[in-house]
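Subject: the two-chain model, with notes

Hi,

Here is the structure I promised to pass on. Have a look at it first, and then read my notes below.

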Amino acid sequence: MKQQRGIVLHHKKRHGAGQVILAVFLLIITILCALPIELIFASAFADETLLTTQGFMFFPTQLSMDGFNAVLRYGKQLFTSYGVTLLITVTGTVLGLIIMAMYANCLTMSDFPLRRFLIVWAMIPMLFSGGQLSTYIIYTSMYHLRDNLLVLILPLCVSTMNLIILRTYIQTSIPKELMDSARIDGAGEYRTFFQIVLPLMKPSLAAVGFMMATAYWNDWQNALLFITSNNKKPLQLLLINIQKSIETLLSTRNIPSSALAAMQGSIPQYSATMATVVMVIGPIMIVYPFFQKYFIKGMTIGSVKG
Amino acid sequence: MRKQGKALWEHRAQIIMSLPVFLIFLLFSYVPMAGLVLAFKDFDFKLGIWKSPWDGLANFQFLLASKRTFIQMTANTIMYYLIFTALGMVLEVMIAIAMDQLAFKRMGKVMQSVLIIPIFISYTAVQFIVYAFLSSNTGIINNLFGLNIRWYMEAKYWPVILTIVKLWNGTGYGAVLYMSVLAGIDQQMYEAAQIDGANKWQQIRHVTLPSLVPMMTVMLLLSVGSIMHSDTGLFYQVTRNSGTLYDTTQVIDSYILNAIFHNSNFGFTAAATFFQSVVGTILILLSNAAVRKIHPENALF
C-alpha cells in the first residue's frame with residue numbers, strides 16, 4: 001500500500017508542469033462546453049427587466065423566480081405536454097426494448113431457419129430509406145396517423161443499431177449453456193427468454209433504453225409533421241411553438257378573453273421561455289448520471305462491433 | 001419442403017417473438033421505400049401515391065433545370081459534412097488523447113461527463129441558447145463586443161455559427177469512443193517506448209496516434225454513407241428556418257421539410273429524395289466494402 005502511494009507521488013512530481021497545462025486546457029474546453037447550458041439556467045432565474053434592458057448574461061445581477069412562477073401558474077399546456085412526452089417516452093422505450101430483445105435473441109439461435117433472413121431484414125433499413133417525403137405521405141394518406149400518438153411511438157421504437165448492440169450483448173455475455181439447461185429443465189422458449197435471458201440483459205437494456213428514451217424525449221420532427229391538436233403536443237413541439245409566441249403556453253380554453261389579455265401582459269417573456277427550456281431539458285440531465293456508465297459501454301459495443 | 005415446414009413449426013415461438021419487430025420494419029421502413037416511386041410520378045394528393053399517373057423522368061428534368069436551388073442545397077449539404085467531419089475528428093482525437101494522458105483521473109471523469117451532456121439537448125432547446133447569444137438587442141455577442149449585427153439576417157456568418165454549434169453539440173460524445181480505444185492500449189507498449197528513450201510527445205506520435213487510426217478510418221468511412229443527410233434540427237431549428245439565410249443554410253433535408261409544410265413542389269422534392277436515398281445507399285455500400293478491406297471486424301455487414 002505504502003509503496004503504491006510512493007509511486008503515485010513520484011509520477012505526479014515527474015509530470016508536474018505538463019500535467020497542469022493539460023488539466024488547464026481540458027478545464028477550459030469543459031467550461032466552454034458548460035457555459036451555454038449555464039446560460040439557460042441563469043436566464044431562467046434572471047429578473048425580466050434586467051434581461052430586456054441589459055440582455056442575456058451568464059451571471060445575472062438580479063435574480064427572480066418570476067419566470068418559473070409564470071410558467072407554473074399559467075402554463076397549463078406545459079403540464080399537458082409533459083404528460084404526452086412522458087407517455088410516449090415510457091411506452092416507446094419499454095415496448096421497443098421488449099420487442100427488440102426478443103428479435104435479437106432469435107438472431108443468436110443458430111438452429112433457427114429464418115435467422116439469416118431476419119438479419120438481412122433488419123440490415124436493409126439501415127442502408128436504404130424511403131426518405132422524408134414518401135414517409136410523410138404514407139403515414140398520413142395510407143395509415144391515417146396524422147394527429148395520432150402512435151406516429152410518435154412506433155417508427156422510433158425499433159432501430160438496427162440498437163438491435164446490433166442487444167444481439168452482440170447476448171452473444172458475448174450470456175452463456176449458451178444457461179439457456180440450454182433451462183430448456184432441458186423443461187422451460188419453454190417464452191419462459192427461457194423472459195425469466196433467464198431478459199434479466200441477464202440488464203446492462204445492455206439500460207444502455208439502449210437510455211438512448212431510446214432521449215431520442216423519444218427529444219423527437220421534434222415527427223411531432224412537427226404530424227401532431228396538430230394541443231392535447232397531443234409533446235414538449236419539443238411546445239418549445240417550437242413558444243419560439244413563435246410565448247402565449248402558446250397558455251391554455252386558452254375556459255379563460256375569458258379579457259382575463260387572457262391581462263395574463264399575457266404579465267408573462268415575463270424571456271425568463272419564462274428559458275424556464276420552460278429548463279423544465280424540458282432538466283429531466284434528462286437528472287437521469288443521465290445514473291445511466292452514464294451503461295450508455296458509454298453500449299455506445300462502444302455498437303460502433304466497434306457490428 | 002415438409003422438413004422445412006416442420007423446422008419452422010418447431011420454432012414457432014421464435015417466429016412469434018420476432019414478429020413485432022418484423023412488422024414494424026415492414027410498415028415503417030419498407031413500405032415508405034416503395035413510396036420512392038413518387039419520383040417518377042405526377043403526384044396528386046387526392047389520388048394518393050399508387051394511383052397518381054406515371055410521369056417518366058419529368059421530375060428529374062425539373063430538378064436539373066432548377067440548377068440554383070438543387071445545386072446549392074447539395075453543395076451546402078456536402079460542405080457542412082466535410083467541415084463537421086474534419087474539424088470534429090481532429091477535436092475529438094485531441095480531447096481523447098488529452099483525457100487519456102491526464103493523471104488526475106477523477107477530474108477527468110467529471111469533465112468527460114460534462115462534455116457529453118450537449119448531445120442530449122435537442123436542437124429545439126439549443127435554438128434558444130443560440131438566440132441568447134445572437135439576438136440583436138439582447139444577445140450576449142452583440143453586447144459583449146459592442147457590435148450591432150443582425151445575425152439572423154446575415155447569411156455569411158452562418159457556416160461559422162453552425163460549425164461552432166455542431167462541434168459544441170457532438171464533440172464530447174465523439175471523443176468517448178476514442179477514449180475507449182485508448183483505454184485498451186497495452187501499457188507495456190508505453191513502457192517499452194520509454195525504455196527506448198521516447199519522450200511523451202514521441203510516445204503519443206508513435207504509440208497513441210497509430211492505435212487510433214483504425215477507429216478513425218472506420219468512423220470516417222461509416223460517416224460517408226450519411227453525406228447526403230444532415231442533422232435536420234441544426235439547419236431547421238437553430239437557424240429559425242430564416243429564409244434570408246437559405247443561401248448558406250439550406251440543406252437537402254431542410255429543403256424537403258419545408259416543401260412538405262408548404263405542400264409545394266412535390267415532384268421536385270420527390271426527385272431530390274430519390275437522389276438522396278440512392279446516393280446514400282451507394283456510398284454506404286462503397287464505404288463498407290472499403291472498411292471490409294482495411295479492418296474486416298469493423299465492417300457493418
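Let me start with a loop: A:D147 sits between α7 (131-142) and α8 (150-153) of chain A. Helices here are DSSP runs (H or I, at least four residues), as strands are (E, at least two), and they are numbered from the N terminus. The phi of A:D147 is near 60 degrees, a positive value in a residue other than glycine. A:D147 is exposed, with 12 other C-beta atoms within 10 Å. For that label, a residue is buried if 20 or more other C-beta atoms lie within 10 Å of its own, exposed if 12 or fewer, and partly exposed in between, with C-beta atoms placed from the backbone.

Before I go on, some housekeeping. This is a predicted model, so local features need pLDDT of at least 70 and side-chain atom pairs count only at pLDDT 80 or more, while totals for chains, interfaces and linings use all residues. Residues are numbered from 1 along each chain as its sequence is written, and chains are lettered from A and ligands numbered from 1 in the order in which they are written.

B:N241 has a positive phi of about 45 degrees although it is not a glycine, and you'll find it in the loop between α12 (232-236) and α13 of chain B. B:N241 is partly exposed, with 18 other C-beta atoms within 10 Å. In helix α13 itself there is B:T249, which counts as buried because it has 25 C-beta neighbours inside 10 Å. Leaving aside neighbours within four places in sequence, B:T249 is in contact with B:W158, B:L162, B:F235 and B:T239; a contact means that the C-beta atoms, placed from the backbone, lie within 7 Å.

Now chain A as a whole. It comes to 16 helices and zero strands, and buried residues make up 40% of its 306 residues. Among its contacts between residues at least 6 apart in sequence, 74% join residues at least 24 apart.

The contact takes 75 residues from chain B and 83 residues from chain A. On the chain B side, helix α2 (residues 12-34) gives the most, with 15 residues. By class, that side of chain B has 47 nonpolar, 26 polar and two charged residues, where Ala, Val, Leu, Ile, Met, Phe, Trp, Tyr, Cys and Pro count as nonpolar, Asp, Glu, Lys and Arg as charged, and the others, Gly among them, as polar.

Chain B is assigned domain 1 (2-51) and domain 2 (59-298), with bounds that come from an automatic or database domain assignment. The two domain centres are 33 Å apart, taken over C-alpha atoms. Their contact takes five residues from domain 1 and eight residues from domain 2.

Last, the core. The largest nonpolar core has 143 residues, and those with the most contacts inside it are A:M100, A:Y103, A:L166 and A:V277. Such a core is a set of buried Ala, Val, Leu, Ile, Met, Phe, Trp, Tyr and Cys residues joined through C-beta atoms within 7 Å. Helix α5(A) gives the most to this core, with 12 residues. Both domains of chain B give residues to this core, so it lies between them. Not counting residues up to four places away in sequence, A:Y103 touches A:L163, B:S18 and B:V21.

Cheers

Notes. Contact = placed C-beta atoms within 7 Å.
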